[in-house]
Amino acid sequence: MVFVMKVDRFDEDVAVARLAEIVALECGMDQTAAKRLRIAAALHDIGKRKIPAAIITKPSKLTTREFEIMKTHTALGAQMLGCVHGEMNELAASCCRYHHEWWDGSQSYWGLRAEELPAYIRIVSLCDVYIALIAKRPYKEVWPRKDAADYIKKMAGKQFDPALAEIFIPLVSDGPRIRKPAEYPANCIHAVKRR
Ligand SMILES: [Fe+2]
C-alpha cells in the first residue's frame, strides 16, 4: 500500500500538508511538531491569493514577467502571516517564504541552499513539488506517480535534499504500507541521517 491521493486544484494545499506530516514523522519528527508542520504547510501557498487570477489560471506557460509576479507569492504569503506574532505564524510564514528554495541553491528565490534551509522547509518543498506533479493544472496533465517519484529521484541533490529524497521515495512507491500519523511512536527513531 502506498501514499495515494487524488488531488484537484482546491485540495492541493491540504494534500501537501498531509504528506508533509507523514514525511516529517518518517524523518523522526515528534507527533506534536509534525502536526504543527501540517498546519503550517497547508498555508505555504496562501500568497497566491494575492496573485492575479489571470496568472494563476493561465493555461499556458507564463511569460518571464508573469513568472516574476508569480514568484512574489512567497513574500506575499510571509507578509500575510508574519503580521501576527507567534510561533505557529512564524513557522507558517517561513514555509511561505522558502518553499521554492533548491537544495543546491541554483534556483532559489531567496538565495538559500542546503542546510541553511531548516529540515521542515525541505520537507514542504519536496512534498509541494510531488503533489504539483500528480495534480492536474491548467497547463499540464496529471503525472503518473511513478514518473513523479522518478523526478524526485532525478532531482535529489539538486532541487531536493538527497537524504530526504531517499526517505521519501519508498513512501510514494510500491513498498511497505505507509503508517497513518497516529501509528507512529511518540519518538520515532527514523531520523534523517546526514552524510
Ligand atoms: Fe508556491
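Which residues does lysine 48 touch, not counting residues up to four places away in sequence? Point 6 takes this up.

1. **Basis.** This is a predicted model: local features need pLDDT of at least 70, side-chain atom pairs count only at pLDDT 80 or more, and totals for chains, interfaces and linings use all residues. Numbering runs from 1 along each chain as its sequence is written.

2. **Overall make-up.** The protein chain has nine helices and zero strands. Helices (H or I, at least four residues) and strands (E, at least two) are DSSP runs, numbered from the N terminus. The pattern along the sequence is α-α-α-α-α-α-α-α-α. Of the 195 residues, 34% count as buried. Buried here means 20 or more other C-beta atoms within 10 Å of the residue's own; 12 or fewer is exposed, and in between is partly exposed, with C-beta atoms placed from the backbone. Among contacts with a separation of 6 or more, 64% join residues 24 or more positions apart. A contact requires C-beta atoms, placed from the backbone, within 7 Å.

3. **Core.** The largest nonpolar core holds 46 residues. Such a core is a set of buried Ala, Val, Leu, Ile, Met, Phe, Trp, Tyr and Cys residues joined through C-beta atoms within 7 Å. Ala20, Ala24, Ile123, Cys127 and Tyr130 touch the most other members. At least two residues each come from H1 (12–26), H2 (31–41), H5 (73–82), H6 (87–98), H7 (119–134), H8 (145–155) and H9 (162–172). H7 gives the most, with ten residues. Isoleucine 123 touches Ala20, Val23, Ala24, Cys27, Leu37 and Leu164, not counting residues up to four places away in sequence. In soluble globular proteins, nonpolar side chains tend to be buried together.

4. **H1 against H9.** The two helices pack at about 120°, with axes 10 Å apart. Axes are lines fitted to C-alpha atoms, for helices over the stretch in contact, and angles run from 0 to 180 degrees between N-to-C directions. H1 and H9 are therefore oblique to each other. The classes are: under 35 degrees roughly parallel, over 145 roughly antiparallel, 65 to 115 roughly perpendicular, and the rest oblique. The crossing of H1 and H9 is right-handed, that is, the near helix is turned clockwise from the far one by less than a right angle. Ile22, Val23 and Glu26 of H1 meet Ile167, Phe168 and Leu171 of H9. These residues divide into five nonpolar, no polar and one charged. Ala, Val, Leu, Ile, Met, Phe, Trp, Tyr, Cys and Pro count as nonpolar, Asp, Glu, Lys and Arg as charged, and the others, Gly among them, as polar.

5. **H5 against H6.** Here the angle is about 170° and the axes are 7 Å apart. H5 and H6 are therefore roughly antiparallel. H5 contributes Thr74, Ala75, Gly77, Ala78, Leu81 and Gly82, and H6 contributes Asn89, Ala92, Ala93, Cys96 and Arg97. The contact residues divide into six nonpolar, four polar and one charged. Glutamine 79 also lies in H5. Glutamine 79 is partly exposed, with 15 other C-beta atoms within 10 Å. Glutamine 79 and alanine 93 are 14 residues apart in sequence and 7.3 Å apart in space, C-alpha to C-alpha.

6. **Lysine 48.** Lysine 48 touches Ile56 and His73, not counting residues up to four places away in sequence. Lysine 48 sits in the loop between H2 and H3 (53–56). Lysine 48 is partly exposed, with 18 other C-beta atoms within 10 Å. From lysine 48 to lysine 71 is 23 residues in sequence and 9.2 Å in space, C-alpha to C-alpha.

Terms used. Contact = placed C-beta atoms within 7 Å.
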